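User: Hi! I have a chain open here and would like to talk it through with you. Could you help me out?

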Amino acid sequence: MTRITLPALVSALIINLISGCHSEFFPGTSRAPTGVVVDMRSTGKLVAQTTAEWYWDGLTEIMDVLVIDTGATDTTDALASATHSLKKRGWRLSDAFPSPSVLMKSDKWREVEVSVDPLSSYDPPSSDGLNEELDKRNEQLFRALNMAAGAENLVVLQSSAQGS
């Protein structure tokens, strides 16, 4: 029969905490550093900015969402322009990215991804009902953005930080 001593139990708990394990008992927040948002803003003229929030197992992930006008004349050029601008700041294409989205990574911020999407194919950011006020504001914002003249030339950049 194995006996677990109090020091062993405390050691296991400390290791769990240090390893970044989150739960409702040890809540945490994950968000990309401010420098990532600066890089995202460098891609063009900021049209709108909001956040999306996800919650699971005690972890709150806050994603910064920026709508950018790159000055391009169509969706394809807007995506290329935003991607090129991020590449100049050290970002690179992720190994796998679904079209029309582009996922980018940076050696400077290894735990962060930035997605670049055409406004027309981007679903309004949502917390799946956990923050109803934010969800309602984002729904109204993106409805208005999609109806605006030149909407086909706008891109949406979203940061996502895993385990920050």
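This is a predicted model: local features need pLDDT of at least 70, side-chain atom pairs count only at pLDDT 80 or more; totals for chains, interfaces and linings use all residues.

User: Which residue does arginine 31 form a salt bridge with?

Analyst: That would be aspartate 64, with the closest N and O atoms 2.7 Å apart. Arginine 31 is in strand β1 (residues 28-31) and aspartate 64 is in strand β3, so the pair ties together parts that are 33 residues apart in sequence.

User: And is aspartate 64 buried or exposed?

Analyst: Aspartate 64 is buried, at a relative accessible area of 4%.

User: Now glutamate 61. Where is that one?

Analyst: Glutamate 61 is in strand β3 as well, which covers residues 59-69.

User: How far is glutamate 61 from the nearest side chain of opposite charge?

Analyst: That side chain is arginine 31, 9.9 Å away. Glutamate 61 has no salt bridge, although it is buried. The cut-off for a salt bridge is 4 Å between a side-chain nitrogen of Lys or Arg and a carboxyl oxygen of Asp or Glu.

User: Which side chain does glutamate 61 make a polar contact with, then?

Analyst: Its side chain meets that of serine 160 in a polar contact of 2.7 Å. Setting aside neighbours within four places in sequence, the contacts of glutamate 61 include Ser30, Trp54, Trp56 and Ala161.

User: Which β7 residues point which way?

Analyst: Leu154, Val156, Gln158 and Ser160 point one way, while Val155, Leu157, Ser159 and Ala161 point the other way. Residues on both sides are buried.

User: How many bridges does β7 have with β3?

Analyst: There are five bridges, and the two strands pair in the antiparallel sense. One bridge puts valine 67 together with valine 156 of β7.

User: And how many bridges join β7 to β6?

Analyst: Seven bridges, with those strands also running antiparallel. Serine 115 stands opposite glutamine 158 of β7, and proline 118 has valine 155 as its bridge partner there.

User: Let's stay with serine 115. Buried or exposed?

Analyst: Serine 115 has a relative accessible area of 12%, so it is buried. Its strand, β6, spans residues 112-118, and six of the seven residues in β6 are buried.

User: What does the serine 115 side chain make a polar contact with?

Analyst: With the side chain of aspartate 117, at 3.4 Å. Beyond its neighbours within four places in sequence, serine 115 is in contact with Val102, Leu103, Val156, Leu157 and Gln158.

User: How does β5 pair with β6?

Analyst: Strand β5 (residues 102-106) pairs with β6 in the antiparallel sense over four bridges. A hairpin of five residues joins the two, and methionine 104 stands opposite valine 114 in β6.

User: Back to charges. How many salt bridges are there?

Analyst: The count comes to six. Among them is the one between glutamate 113 and lysine 105, whose closest N and O atoms are 3.8 Å apart. Another joins arginine 137 and glutamate 133, at 3.1 Å from N to O.

User: How are arginine 137 and glutamate 133 placed in their helix?

Analyst: They are four residues apart in helix α4 (residues 132-147), so about one helical turn separates them. Arginine 137 is partly exposed at 45% relative accessible area, whereas glutamate 133 is exposed at 58%.

User: What share of the residues is buried?

Analyst: Of the 164 residues, 40% count as buried. The accessible surface comes to about 9600 Å², and 56% of that belongs to carbon and sulfur atoms.

User: And the contacts along the chain: what share joins residues at least 24 apart?

Analyst: That share is 63%, among contacts between residues at least 6 apart in sequence.

Definitions and conventions. Residues are numbered from 1 along each chain as its sequence is written. Side-chain values use heavy atoms; hydrogens and water are left out. Buried means under 20% relative accessible area, exposed over 50%, partly exposed in between (1.4 Å probe, protein chains only). Lys and Arg count as positive and Asp and Glu as negative; His and the chain ends are not counted. A polar contact is a pair of N or O atoms within 3.5 Å; within protein, one must be able to donate a hydrogen and the other to accept it, and residues adjacent in sequence count only if both atoms are side-chain atoms. Contact means heavy atoms within 4.5 Å. Two strands pair if DSSP finds at least two bridges between them. Accessible areas come from the Shrake-Rupley method with a 1.4 Å probe; for residues, only the protein chains shown count as cover.
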